[in-house]
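Trainee: I would like to understand how the terms used for a protein model follow from the values behind them. Could we go through them one by one?

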Amino acid sequence: RAALRKGREAGLTTVFNTAPAPPEPLPDEVWALCDIVCPNETETSLLTGLPTETMDQCEAAARFLLAKGARAVVLTLGERGCLLVTPTACEHVTVPASLRGARVVDTVGAGDAFLGALAHALAHGSTLRAALPAAVHVASVSVQRKGAQSSYPLLKDLPLGVMPSTMPS
């Protein structure tokens, strides 16, 4: 809560990674301090008490978090990509066609790979919507390798243009 408050006071974009989701409800103040909340399906269900098996259920659970005060929810969906839910929109970002059906070796660290890529893209000037395909791409690559940090691709390993800092000027 203190970190979110400091970030808000400094005018920064606040991102809340809900992993691991606590078994008890979080104070409402936490949600109001979040520009972006980024849970996976299991965490979303634990945080809201709502099912997250279908896309409609995922959207409803994300809207529950918006009603608590979050400005945007990015719900990670594993092999289905992610769902961006804001007060005015809902958009499904899928795994790139070139990575669909790839052999999954280890999902440990995929959420961190997603969030790291998201933060990188936002720090390099991307909008939240524009940053999500890069985050999904990086997480999709990370599950094809064993380990957490050792599975994260380097910028040089990604196709040109996936991350903002690799786009031609």
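Trainee: Where is the place of P20 in this model?

Mentor: The model is a predicted one, and in it P20 sits in the loop between β1 (15-17) and α2 (28-32). The peptide bond that joins A19 and P20 is cis, with an omega of about -10°.

Trainee: What makes the contact between α3 and α4, and which classes do its residues belong to?

Mentor: On the side of α3 the contact is made by E41, T44, L47 and T48, while α4 brings C58, A61, F64 and L65. Sorted by class, the residues of this contact of α3 with α4 are five nonpolar, two polar and one charged. Glu counts as charged, so E41, which takes part in the contact, belongs to the charged class.

Trainee: How are α5 and α6 packed, and is their crossing left-handed or right-handed?

Mentor: α5 (110-123) and α6 (128-142) pack at an angle of about 145°, with their axes 8 Å apart, and their crossing is right-handed. Among the residues making the contact are A110, A113 and F114 of α5, together with L128, A131 and S142 of α6. The contact of α5 with α6 divides into 15 nonpolar residues, one polar and no charged. Ala, Leu and Phe count as nonpolar, so A110, L128 and F114 belong to that class.

Trainee: How do you know which residues and helices line the largest pocket?

Mentor: A lining residue has an atom within 4 Å of a point of the pocket, and 30 residues line the largest pocket, with L77, G78, E79, A110 and V143 nearest its centre. At least two lining residues come from each of α3, α5 and α6, and α5 gives the most, with five. The space in this largest pocket is about 630 Å³.

Trainee: What is the make-up of the lining of the largest pocket by class?

Mentor: The lining of the largest pocket has 14 nonpolar, 11 polar and five charged residues.

How values were computed: Residues are numbered from 1 along each chain as its sequence is written. This is a predicted model: local features need pLDDT of at least 70, side-chain atom pairs count only at pLDDT 80 or more; totals for chains, interfaces and linings use all residues. Side-chain values use heavy atoms; hydrogens and water are left out. On a 1 Å grid over the protein atoms alone, a cavity is a set of points where a 1.4 Å probe fits but cannot get out, and a pocket is an open set with protein on both sides within 12 Å along at least five of seven lines; lining residues have an atom within 4 Å of a point. Grid points are joined across faces, edges and corners, and a volume is the space filled by probe spheres set on the points. Helices (H or I, at least four residues) and strands (E, at least two) are DSSP runs, numbered from the N terminus. Contact means heavy atoms within 4.5 Å. Axes are lines fitted to C-alpha atoms, for helices over the stretch in contact, and angles run from 0 to 180 degrees between N-to-C directions. A crossing is left-handed if the near helix is turned anticlockwise from the far one by less than a right angle, and right-handed if clockwise.
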